[in-house]
Amino acid sequence: MKKKNYKDRAKMRQRMSFAAFVLTFVFAILTIRLSYIMIVKRADYAARAEEQWTSEVKIDAIRGRILDRNGKELAVSANVYRVDFDLNSIRSYLKRTLKDLKKTEIDQMKSVGIPIPSGDEGLKTDDIAPAIAKALDLDVTKVKDKLETKLPSGANAGSATLVRRIEKEQADKVKELNISGVLVSPDTKRYYPNNNFLAHVLGSTNVDGKGLTGVELQYNSYLSGIPGMKIAELDKNNRDLPYTISQFTSPVNGKDVSLTIDENIQNFAEKAAQQAYEDTKAKAVSILVMDPKTGEVLGMVNKPDFDPNNPREGSDNFDGATKEDKVQKMWRNRLVNDTFEPGSIFKVVTAITGLEENIVNKDTKFFCNGSLAVGGIHPKCWRTQGHGAQVFPDIIQNSCNVGFMELGAMIGKEKLCEYINKFGFGKASGIDLPGEAKGIVKPVNKVSDADLATIAFGQTNTVNSVQYMAAFNAVANGGTLIQPHVMKEVTHEDENNVKIVDETFKPKTSTVASTEKTAELRSYLERVVTGGSGTGTFIEGYHIGGKTGTAQKVIDGRYQDGKYISSFVGMAPVSDPKVTIMVTIDEPSNGVYYAAQVAVPPAKTLFTDIFNYLNSKFSDENNVQITRDIVIPEVRNMKIADAKKVLKDAKLDFNIDGDGESVLNMTPYPGYSVKEGSKINLYTGSDATYNNNVVMPDVRGYSKEDATTLLKGLGIVPAFDGSGAVSDQDISQGEVIAKGTTVKLTLSSDYKD
């Protein structure tokens with residue numbers, strides 16, 4: 001019996017031990033599971049719970065404006081409307097039965113085409129979706145899907161956005177439906193008042209108002225502002241709890257971005273680019289205008305372009321395998337995003353290298369017979385018969401390939417590559433626009449003798465236009481490489497409408513050349529305009545320096561016959577440049593392609609407009625004004641009244657010494673060049689003596705007709721040799737000569753590069 005009891009107690013202990021083990025195991029599993037839920041899945045479940053007992057509505061901020069440097073609006077947010085669904089209210093609206101409706105509500109529903117509920121049943125989303133869709137001209141399926149929006153957890157959502165940026169007419173139609181929970185509220189729509197004006201710089205936004213390209217993308221964080229939020233707690237029936245206070249955060253509107261762009265200069269660039277695009281029948285035309293002392297972009301245009309108000313329209317004019325490819329090509333800012341072999345405009349970089357390293361000076365001799373054998377290749381000069389004996393300034397004026405190949409050899413690949421790197425090639429210029437291309441620069445250890453020769457006159461390496469202009473600006477401003485930029489400042493207004501400056505652009509700078517050598521090179525670049533391939537840019541009274549370039553395009557690794565990029569770069573005035581420009585013509589197809597023929601004419605139009613504008617707008621700001629040089633006319637032996645009229649017509653001031661009736665003498669002498677508005681001394685007294693002295697003016701760049709008119713008015717006899725514009729004169733500018741002296745003028749018209 002005892003043995004049996006012992007066995008029963010042993011079995012009981014086993015069972016208790018087993019039960020304890022099972023309970024312990026189950027408790028451990030529950031503990032692990034609970035820990036997993038509370039620790040690992042805490043954020044997930046908390047979010048799900050919050051979804052169920054809160055209603056969250058996002059309130060968009062008003063996007064900031066984009067302005068030009070003078071405060072002109074270039075991109076604004078126009079007032080439109082949006083339609084949102086408060087799905088909790090809509091669900092309550094649908095649950096109403098016939099007995100819940102008043103007669104006025106029934107009449108309203110009938111008038112807008114919403115079914116009347118029957119019996120004890122309410123409505124369904126299928127009943128109201130058609131009326132909403134009709135008011136907004138939307139697909140019924142889209143409306144129904146929005147009405148039945150679910151949360152990620154699968155629960156019914158509290159809100160949904162149906163459509164944004166609708167006009168008032170559509171908004172009023174939705175309001176007439178009088179559906180509880182269908183909310184019509186103010187919204188903003190990005191609007192570009194000038195349509196395609198400055199399109200590639202401004203860029204565009206998507207349907208949610210976020211930047212896609214250009215400044216809209218680059219400065220999206222400033223422009224977009226900070227959205228607001230309303231969060232309300234809900235009961236089990238998804239209704240706002242009456243005893244809770246909704247959390248409301250007001251949106252912070254976006255800040256304004258002021259650009260360096262001058263709306264007037266941009267207009268001039270747009271006009272010149274469009275005219276060149278039509279005249280040359282080119283694939284594309286691009287123009288860039290900059291302030292060389294600050295790196296500011298004053299104007300930037302590409303043709304063809306697009307309208308940011310309808311940013312996807314017009315893409316059929318571009319090549320591409322798909323619609324999206326075409327759109328992307330249309331949106332490309334070619335001045336920033338595309339690279340090309342620069343051709344002869346790159347000779348400016350080779351030239352400044354030679355000057356800085358004291359390898360050349362104005363007397364260094366070169367000889368061109370039309371081509372040069374180097375490294376197994378025979379590159380030709382554009383003038384196949386050659387330029388013969390030349391000095392350094394001549395190879396710049398003549399854009400002589402052979403001269404620059406010889407100069408490249410004199411410099412050496414190590415030193416030339418050093419300056420190419422120093423002037424910013426092969427790396428982004430840092431312009432504040434998206435997608436800048438770096439270009440391709442051959443490393444010095446891979447540069448052969450043939451490469452050195454072609455790099456020296458603008459082949460082999462590639463650049464983007466902004467990158468090149470940063471280097472060109474360094475020559476214009478006296479040797480400082482300045483980061484180019486389009487943003488001037490970011491601002492907002494405080495609660496008292498006082499403008500607050502949040503940020504200004506501070507460009508990076510570095511010294512790459514000397515003041516003396518860059519000034520010397522600028523004087524040689526002026527010869528390109530007065531007597532070289534840039535004579536078509538010559539404007540009487542203004543000192544312009546420039547360089548043309550015609551580069552055969554490389555496509556699929558090979559130079560393509562008949563496809564060229566023609567460019568002109570210029571600066572003015574040469575003594576102290578305040579503006580630089582670049583005109584690029586991609587694949588002109590009107591029968592001519594040399595830059596002198598296709599890129600120079602629009603450059604002259606652009607310079608003329610800019611000079612007239614700066615002189616009128618900034619007449620009191622001498623640091624910006626580009627004043628014209630006036631050749632003093634001959635007024636000696638004229639009556640005082642007649643002399644006054646002649647000088648006033650020439651925009652010159654005067655002092656009269658004496659009380660005589662006629663002008664007997666004057667200083668400075670006729671023929672001197674003085675700044676517009678300068679005072680001329682007229683002597684009329686009995687002690688004044690008349691003389692025949694005049695001063696030989698600089699007539700390089702003048703046409704034959706204009707030179708004849710000017711010189712004959714001074715009493716100088718012109719003798720011409722050749723045809724075209726005046727490229728040389730045998731009496732130097734400023735030399736005092738007697739009336740009746742004959743001056744020999746050489747004309748030239750065969751410059752093409």
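**Ground rules.** I'm working from a predicted model, where local features need pLDDT of at least 70, side-chain atom pairs count only at pLDDT 80 or more, and totals for chains, interfaces and linings use all residues. Residues are numbered from 1 along each chain as its sequence is written, and side-chain values use heavy atoms, with hydrogens and water left out.

**Entry 1: α14 against α20.** I looked up helix α14 (residues 347-356) and helix α20 (residues 515-531); their axes come within 10 Å and cross at roughly 135°. I noted the crossing as right-handed (near helix turned clockwise from the far one by less than a right angle).

**Entry 2: who touches whom.** From α14, I listed V348, A351, I352, L355 and E356, which meet K517, T518, E520, L521 and L525 of α20 (heavy atoms within 4.5 Å). I sorted the residues of this contact into six nonpolar, one polar and three charged.

**Entry 3: burial.** How many residues of α14 are buried? I got 10 of the 10, so α14 is largely enclosed by the rest of the structure (buried is under 20% relative accessible area, 1.4 Å probe, protein chains only). K347 and E356 are among them. Just after the helix, N358 takes a positive phi of about 55°.

Entry 4: Residues 626-686 are 16% helix and 31% strand, with end C-alpha atoms 39 Å apart. For residues 690-749 I have 18% helix, 38% strand and 40 Å between the end C-alpha atoms.

How values were computed: Axes are lines fitted to C-alpha atoms, for helices over the stretch in contact, and angles run from 0 to 180 degrees between N-to-C directions. Helices (H or I, at least four residues) and strands (E, at least two) are DSSP runs, numbered from the N terminus. Ala, Val, Leu, Ile, Met, Phe, Trp, Tyr, Cys and Pro count as nonpolar, Asp, Glu, Lys and Arg as charged, and the others, Gly among them, as polar. Buried means under 20% relative accessible area, exposed over 50%, partly exposed in between (1.4 Å probe, protein chains only).
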